[in-house]
Amino acid sequence: MKSSIEIRDLISGKGLKVTPQRMRVMEAIYKLNNHPTADNIIAYIRKNDPNVGSGTVYKVLETLVENKLIKKVKTERDIMRYDGILENHHHLYCIQCDYIEDYKNEKLDKLLKDFFVENEIENFVIEDVKLSINGNFIIHKNQEHN
């Protein structure tokens with residue numbers, strides 16, 4: 001969880017104005033900590049600020065994505081989720097309960113990098129490689145899963 005000061009510094013570091021709306025959205029993403037949907041973020045913010053507009057949250061999310069402060073993660077169910085962790089990592093996605101867990105593995109990262117150095121794709125420059133490893137957790141971590 002990042003502190004308010006760290007979040008403020010991230011936002012201002014991108015040359016953006018630090019607004020209460022941007023702060024609240026970023027805080028929600030870090031506090032919810034499981035790749036929340038826009039609806040999850042809106043519900044979280046409305047606990048303390050019932051008047052926040054859905055359109056405002058969506059607009060802030062797009063601004064944060066455009067400025068590389070957060071990333072979009074699309075699930076197998078075509079649900080857009082948001083990730084505040086920008087360091088290199090992959091995702092374990094539970095098909096049954098729609099839970100996403102971060103997966104970091106330096107050996108896998110090196111293997112992927114080496115593979116694409118040896119196997120260049122013609123007419124394509126790779127910017128980033130992220131895996132979504134789909135399966136099912138044996139013990140489901142999504143508390144909403146039945």
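# A strand pair, its hairpin and the surroundings

V73 has R81 as its bridge partner in β2. Strands β1 and β2 (residues 80-83) pair in the antiparallel sense, over four bridges; two strands count as paired if DSSP finds at least two bridges between them. Helices (H or I, at least four residues) and strands (E, at least two) are DSSP runs, numbered from the N terminus. You are looking at a predicted model, in which local features need pLDDT of at least 70 and side-chain atom pairs count only at pLDDT 80 or more, while totals for chains, interfaces and linings use all residues. Residues are numbered from 1 along each chain as its sequence is written, and side-chain values use heavy atoms, with hydrogens and water left out.

**The hairpin of β1 and β2**

- Start with the turn: the hairpin has five residues between the strands, and D78 takes a positive phi near 60° there.
- D78 is a residue other than glycine, and most residues other than glycine have a negative phi.
- Is D78 buried or exposed? D78 has a relative accessibility of 56%, so it counts as exposed (buried means under 20% relative accessible area, exposed over 50%, and partly exposed in between, with a 1.4 Å probe and protein chains only).
- T75 also lies in the loop between β1 and β2, but T75 counts as buried because its relative accessibility is 5%.
- Leaving aside neighbours within four places in sequence, T75 is in contact with R81, Y93, D98 and I100 (contact means heavy atoms within 4.5 Å).

**Salt bridges**

- How many salt bridges does the structure hold? There are eight salt bridges, each one a side-chain nitrogen of Lys or Arg within 4 Å of a carboxyl oxygen of Asp or Glu.
- One of them joins D49 and R24, whose closest N and O atoms are 3.2 Å apart.
- This pair links distant parts of the chain, 25 residues apart: D49 sits in the loop between α3 (38-46) and α4 (54-66), and R24 in helix α2 (residues 20-32).
- R24 counts as partly exposed, because its relative accessibility is 32%.
- Another salt bridge joins K72 and E62, with 3.1 Å between the closest N and O atoms.
- K130 and D128 meet through their side chains in a salt bridge of 3.2 Å, N to O.
- K130 is partly exposed at 32% relative accessible area, and D128 counts as partly exposed at 45% relative accessibility.
- Which residues are linked in a network of salt bridges? K71, D128 and K130 are linked in this way.

**The buried side of α3**

- Which residues of α3 are buried? A38, I41, I42 and I45 are buried in α3.
- These residues lie on the same side of α3, because they cover an arc of only 100° around the axis (the arc is that of the directions from the helix axis to the C-beta atoms).
- As background, an α-helix has 3.6 residues a turn, so residues three or four places apart point the same way.
- The cover over the buried residues of α3 includes α2, α4 and β2.

**The loop between α5 and β5**

- N123 lies in the loop between α5 and β5, and N123 has a positive phi of about 60° although it is not a glycine.
- N123 counts as exposed, because its relative accessibility is 79%.
- I126 has its place in the loop between α5 (106-118) and β5 (132-135), and I126 counts as partly exposed at 33% relative accessibility.
- I121, F124 and I126 form a nonpolar patch on the surface, with about 270 Å² of accessible area together.
- Patches are made of residues with over 30% relative accessible area and no salt bridge, with like charges joined within 9 Å and nonpolar side chains (Val, Leu, Ile, Met, Phe, Trp, Tyr) within 5 Å.
- Accessible areas come from the Shrake-Rupley method with a 1.4 Å probe, and for residues only the protein chains shown count as cover.

**Helix α1**

- I5 is found in helix α1 (residues 4-13), and I5 is exposed, with a relative accessible area of 52%.
- Where is I5 relative to N51? From C-alpha to C-alpha, I5 and N51 are 24 Å apart in space, and they are 46 residues apart in sequence.
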